[in-house]
Structure formats: structure tokens, C-alpha cells
Amino acid sequence: MAETTAPAIRATPLLRRPWTIAVLALVLAVLVGVPVLWHARTSPSVLSVLLLLAAFLVTESVQLHLEVRRQTISASPTELAIVVGLVEVGGLWTAVAQVVAIAVVMRLRGSPTVKLTFNVALAVVELAAALGVLAVLPRVDVADPLSWLVLVVAMLVVWVVSVLGVGAVITLTEGFPGWSFWVSAVPNAVVGPLCAVVAVIGMLVTRETSWAWALIAPAFVAGVLLFRQSSRASRERRTVQRVYDFARRVESVTPDEAGTREIVRAVRELLNADRAALWLPPYLDDGPQLVVDAAEGGLRWYDGPGDPDDLLRRRSLAVQAGGSVLLSATRADAPERAALDRRAAREVLGAPVVTAAGEPGYLEVCDRQGDIVNFVDGDRGALDSMLTHVNAAIRQQQLMAQIRYDADHDRLTGLPNRQRLAAEIDALLAVDPAMARAGLVLAALDGYTDVTDTLGHAASDELLLVTAGLLREHAPPQAVVARMEGGQFAVLLPGLSLAATEHAARRLREAASTRARVAGLDLEVSLTIGVAAAPVHGSDAGTLIQRADVALLAAHTSAGVATYHPVLDQQSLRRLQLGTELETAMAEGQISVVYQPIIDARTADIVSVETLVRWHHPRYGDVPPEDFISLAEQIGRIGSLTDHVLGLALDRCRRWLDQDIAISVAVNLSARCLVEPDLVDRVRNALREHGVPGDLLTLELTEGSVVDDTVRNSTVLADLHALGLRLSMDDFGTGYSSLSQLRLLPIDELKIDKSFVLGMSTSQNESFIARSIVELAHNLGLRVVAEGVEDEVTRDLLAQMGCDKLQGFLVSRPLPEDRLEGWLLARTGVRSAPPGATHRRLFVRT
């Protein structure tokens, strides 16, 4: 017989209440079934009724369940007992035996009384319908082939009545069940006729010889066992197929909440559960996530999965080798029953899941929709099989989310990057491009490059983290703080006008101005800020960022904060044009050099000239060196510029040599040049090309570039020194070099920064610093040059300290080549070459 059961209905309308449906079915059974059965009463032996009852108990106990949402379609070989009963015992006693068997079996299963009542009534109506079909025969004769056909048709009618009856109940209580319900019930149509055929064969054989029961009984038992095994195998096949379908379903979920919800829904549908929930720990920028999915779209929030102290969650996460944990109301103690009650569930399966970060998550499913098959007898193993796919899907989701996160976030600070900032700006302004207001602040960390050059990338990274923390702390809650590149940050301020953005920018700059402990040093943290605002300065991300960047460039030469103005575009255009014209300017002679003499402090001999670069632009006039040198560094032309200056300096040195005069030339070397792999070869070739010995060339290096980790760990300084030239550390005293570093580096001389020299005549502290530097250098075997000497008092003090060389306005200002020649003719005399030397020396006449 095909049996379909419907669960208890929660709806309140009268016709939708379970007992209403059960009573109506019972009334129908009494009105239709009882008269038909009473008319078919017989007087069988007690033994035959008891044997029939036993047959019903066995067949009702062996069922193949097929769940369709909240309905469970059950197929069993009950028709075997029905056919035998109708032929041998009669309709009334067959109904009595089946009703008793249904009551016993359903009570043992713990089915509710309302369902038992409905199934009993349905069984009576089914038997009445079968008797109605048999009524076409004058009497049922097993030996008559026509009776065989009528019995087969009767069992088909039993199946039709069963399916129509339960389908009607489902429609009344839950609405039309869908075509899947009817389609899934069709295969059971063959069970009844097949049972009728088997029963007829058994009765025919028995009538030939009563000993046939000795064969039929074992065959009957074997058939029941085979049916039961087939039921189990069929359920396992369906489980395997559903797990396979589940794996295909979740393998391509999206890396967002919708994808996570799809995983939870797939779990729930696979197990035909009422609810499923997935809790995931925090990941990236997201906090803990709890996704709940309920059947029929009736999403209900419930307590338990999100509670770390929940009994079931703790037990599930404590499982060492994975697998699931089951709580069932029928076998629960008091704490377990409390865990079920907080979920309003009869049984719950919980299992641990593993995220991409290796942290434990938690998955649980509550209550099967069908109430015949439970998690123990049904698909508990399916969840265990599914966990591998769930873990893989979640890890794939999170790894995809990690890729997307990395694509629009800065790795070091975790802040959004330029691409993410642009997307945030466009999304904000897309709502109303003409009226939407937003401020954009670009902040550059002052001294970032110096810290990197001096202390290395680890220290500058530490400084960036400090700055990012300060901006996060002091930016408004609704602001988006992003890192652009290098030492540059951005703060997007939704809803702010230009005036409010300027005010917020100044507050941010003040709040971020502090001292921070970085690499064991107390460093000043300060920001230079450029401001732009929408819609005043642009209505899209590209325009707004570009104009804030223009304002940031202007802020470097103002009070530290600048707001975009169209006039600033001309300055940016000027910088762009200078960058494109740099090579041409060197080729056409626009970029030249001036020379500042350096004298011996004791003898006043001119021992060297420092070569300083200048650019006289045909449209812009004299361009400040710091402007185009930093520009050359940024655009990668500093190497070409250095080669140009070095060539001019060595050419001048060669012409002095041709006059039998030895004057060394000093050329400043950028920190970026020191990391160029061909620097040594270029210097060697320049010396060879101009025929200048190495001892007449001095390369001046900044203190920061010399102590940079990259430079110290390479052989570039040693290789340069091996060319015979001298290495001078420029602006000594303003950086972070240590005595041990000086001792290990191939440096020949130190140049005391002019900030110490200028105040020597009026400040004992500056004089003390200068004296300490001179003594330090001499103790290390180095010569000392003092730059910025502008008066005779300072000159005399330095001479008394033992300073080796002097440079400054007292000797001469930087002079172009033609004026330098005139200065030399007017101010200097010529000494004869000293013993062992090949060239003469110039000295300043007093």
C-alpha cells in the first residue's frame, strides 16, 4: 500500500487544523467505509484473523520512505496482506486487522494521535474502495484469471485513493504541493499490483497443497527482508545522489552573504530540514556571521548557534575528528532538553566547520520537515559526508573574499587602497552627481622618504602604521580612511561642504602632529594636506582625487594645508612640462653648473670646487634645483642628470689639468643613484673619458643614503672608493648615522652641516657640536669640511679646532664658469708643485 503522511499543521483556520482534517477523514470512513465493510462481513476462524494481523504488523513495519518537503510518501508491501485478507478472511476482518496493526505500529513509532486517526480512517476508505471494485465479481475465485485482474485493479484503486486523499489534505493545510509531489508518488503505483500478483500465486500454490506454506512463509520473510534492504539501499543511493548534487551546487557559490545563505539553504534542503544555521567567526573586516534558513521561506530567528556557551555548539566544536553531534528530545537529559527548547526543536544535528583561517565555525540543522524519518534513521550520515564540501565551499568563499579584499585594500595598514577609495567616491556621488556633497583630504607623511632612506623600510612601515592609527582615531566615524601609495593617505568625508572639509583637514593635521617611537627613535609625525570637495571641484572620483593631489603639491610650499584652486593646475602643468623637457634641457645646455671654491683652512690653498646644478628655462626662468632634482628622482631621470653634471665637472677639471693646475671637483650624488647597478661603471667611464685621475674627484653623499640598509649591504661604496676617488658625507649631523657605521664605511671626509656652522660665532652649543664633529672625524682618520663659513670669527674658530677645509660666502659664492675664471685671476696666486706632486696649486691671496 502507498501511504502518505502529513505533519501537524500550525495554521489557525479551522479547516487547516490537524484534528479537523482527522475528524473529517474519520466521518468519511464511517459514512462510506463502515457500511461497505459491514456488508462484506464473514465468519473466519480466530487463527486466520490472528495470522492476518501478524502479516499486517510485519508489512506495516517495513516501509520505504520518500520525503517531499513536509510530506513523507511511504511504500510498503501491505497489499500482500490486503489481498490475502480480502480473499480468505473478508473485508470487515481485514479492515479490523489492518486498523489494529496501523495503531500498534504508529504507537511504537511515537506518532501523534491525530496522525494515527487520519491514517486509520484513510485505510478504511481504501479497503472500502477495493471492495467496491471487487463487487463487479459475483465472488472472488483465485483460480479465475478474471479475479486476478480485478484484484490488480483493486490495488491500483487503493493507491489512487491513498494519494488523492493525502494530496487533498496537503492542499487544505499547506496549499497545492506542486507537481513534484504527484510525480514522486507515481513509482509506488507498481507496488500494489505486484503484491496482488505475489499474493495470488501464494494462494494458488497453497490450495494445491497445504505444505506450500512451508515454502511460502520463508519466501515471505525473505521478501520482506529484501524489501527492507532495498528500502535501505534506495535511501543510501538517494543520499549519495543528494550529496553529489549538493557538492555541485555549492562549488560555485559567490563570496558574499548570498553565497553563504546558498550553502545553508543547500544543507537544509539536502536533509529536508525545517531550519539550518551557520555561524562563522570574524574574517577580514567582517564580524561574526550567523545565517539562518528556514523552509517555505518562513525565516525565523532563533537562539542557540550564535551563543558560544550553548551546549550543542560546545559539544560540536569539541569533536576532534569532525562529524556531527545529535540531540533528540526522546533521549535528552535536562540540559539537552533546554538546548532543544531554546530552538523550539525536537532534534538537532550540529557539526563543526573549518574556515580558511583555520578557525572553527558551527553548522546545525533542526527537525526534518517530514516527521516519519528522523536524523538517526534517515540521513545523519549525509551531514558527515557533506561537511567536506561545506568546509571546501566556505574556504573557497573566504579565499575569494580574501583575493577581493587584497585587491582593494593596502596589505600593510589594512586600509582601503586607491581603487577602493575611487569606488567609494563614485558610489557616493552617483546618488546625485549635481548635489551630493563630499570632502576629500589627501595627506602626505612628511619625511617619509627620509626615514626610509635612513632607517630602512621596516622603520617607515612602522611609521605608516602609526599614522594610519592616528587617522582612524581622529577621522569622523562616517569617514573612509584609505592609503594611496608611499607615505600618502586619503580621508573621504561624506556629506561635508568645502568649508567643513577644510576645517576637518586642519583638525586632522593637528591631531596627527605628534611624536612616535619608531626604530628606537622619537620621530616627529606631521602631515601635509591637500583638500578638494564635491561638487565644487568635481563630480567623479578621478577628477576629485586629481585635484586633491594638485592641492597636496601646493601644500608643500604653503602652511601645510592647501585647497584646490584652478590656478594650481598651471603649476602642475609646469611640473609635468619640466619632466618632459629635462633630457632636452641637458642636450641644449639649459642645465648648467656653478662652482663654489673650497679652501684648505691652514694654507688657504684652493683644494676643490663643489659643482652645483642650475636650470635656466626659456619660459619659466631659473628653476630652483630642489624642484627639478626631486622631479628627476621621481621620474627616473636622476641618473642622466648626475651623468650630465659629472661630465661638466670633469671637463672643467681636465682643463685645469691642461693648465698644470690641480683642483679637485666635488659632485653631489643622489641616494637613488647609489642603488643603480651600473653607477660604478658610469663613473669609471667618465673618469677615463676625460682623463682625470680618481683622486681629483669627490662624490658627496647624503648621510641618509650612506646609512641606508640597501647601500650598506652592497659593495657600491667600496667599489667607488676603489676607483681612487674620495667619498664625502654631506650635511653631517642632521641624520642618524652612528660611530660604528662611520667606522665601517669607506668615507674619506665629513662635511659639517651649515646649520651648525652659521651659529658658531654667537652660540657656544653650536661651537661645541662643531668641535665634537672635528674631533670625532680626526679620531676616525677622516678629514673635515665646514660649509656655511660667512665671517672671519667662524673661520678662526674652525681653524683653531683643526678643521681641514672651509667653504662658504666668506671664500666665495657659487659662480658660473666664466665668473669663476675671473675670480681665480683676481683672488688667487699659484704655488709651485710640491715635492712629489705633478701639478701646481692655487691659493687665495690675503
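Me: How many aromatic pairs does the count come to in this model?
Reply: Happy to start there, with the reminder that this is a predicted model. Ring centres have to lie within 6.5 Å to pair. By this rule, the count comes to 1 aromatic pair.

Me: Which residues form the aromatic pair, and is it stacked or edge-to-face?
Reply: The two rings belong to Trp615 and Phe628, with 5.6 Å from centre to centre. Their planes stand at 85 degrees to each other, and an angle over 60 counts as edge-to-face. So the pair of Trp615 and Phe628 is edge-to-face.

Me: Which elements of the chain does the pair link?
Reply: The partners are 13 residues apart and link distant parts of the chain. Trp615 belongs to strand β17 (residues 605-617). Phe628 sits in helix α20 (residues 625-634). The elements linked are therefore strand β17 and helix α20.

Me: Which ring does the charged end of Arg313 sit over?
Reply: Elsewhere, Arg831 lies over the face of Phe843, at 4.3 Å from the ring centre. For Arg313, the charged end is 3.8 Å from the centre of its ring. That ring belongs to Trp279.

Me: Which residues have the most contacts inside the largest nonpolar core?
Reply: In soluble globular proteins, nonpolar side chains tend to be buried together. Here the largest nonpolar core has 78 residues. Helix α21 (residues 638-658) gives the largest share of this core, 9 residues. Those with the most contacts inside the core are Val683, Leu697, Leu720, Leu725 and Leu798.

Me: How many residues are in the second, separate core?
Reply: This core includes Phe118, Leu134, Met155 and Ile170. The number of residues in this second core is 48.

Me: Where is the place of Ser664, a residue in contact with Leu697?
Reply: Leu697 has Ser664 among its contacts, along with others including Leu646, Leu650 and Val683. Ser664 in turn touches residues including Val607, Asp695 and Arg726. With a relative accessible area of 2%, Ser664 is buried. Its place is in strand β19 (residues 664-669).

Me: What percentage of the residues of the protein chain count as buried?
Reply: The chain's secondary structure comes to 30 helices and 26 strands. Its accessible surface is about 38,900 Å², with 58% of that belonging to carbon and sulfur atoms. Of its 846 residues, the share that counts as buried is 49%.

Conventions:
Residues are numbered from 1 along each chain as its sequence is written. This is a predicted model: local features need pLDDT of at least 70, side-chain atom pairs count only at pLDDT 80 or more; totals for chains, interfaces and linings use all residues. Side-chain values use heavy atoms; hydrogens and water are left out. Helices (H or I, at least four residues) and strands (E, at least two) are DSSP runs, numbered from the N terminus. Buried means under 20% relative accessible area, exposed over 50%, partly exposed in between (1.4 Å probe, protein chains only). Accessible areas come from the Shrake-Rupley method with a 1.4 Å probe; for residues, only the protein chains shown count as cover. Rings of Phe, Tyr and Trp (its six-membered ring) pair if their centres lie within 6.5 Å; planes under 30 degrees apart count as stacked, over 60 as edge-to-face and the rest as tilted. A charge sits over a ring if NZ of Lys or CZ of Arg is within 6 Å of the ring centre and within 35 degrees of the ring normal. Contact means heavy atoms within 4.5 Å. A nonpolar core is a set of buried Ala, Val, Leu, Ile, Met, Phe, Trp, Tyr and Cys residues joined through side-chain atoms within 4.5 Å. Lists of a residue's contacts leave out its neighbours within four places in sequence.
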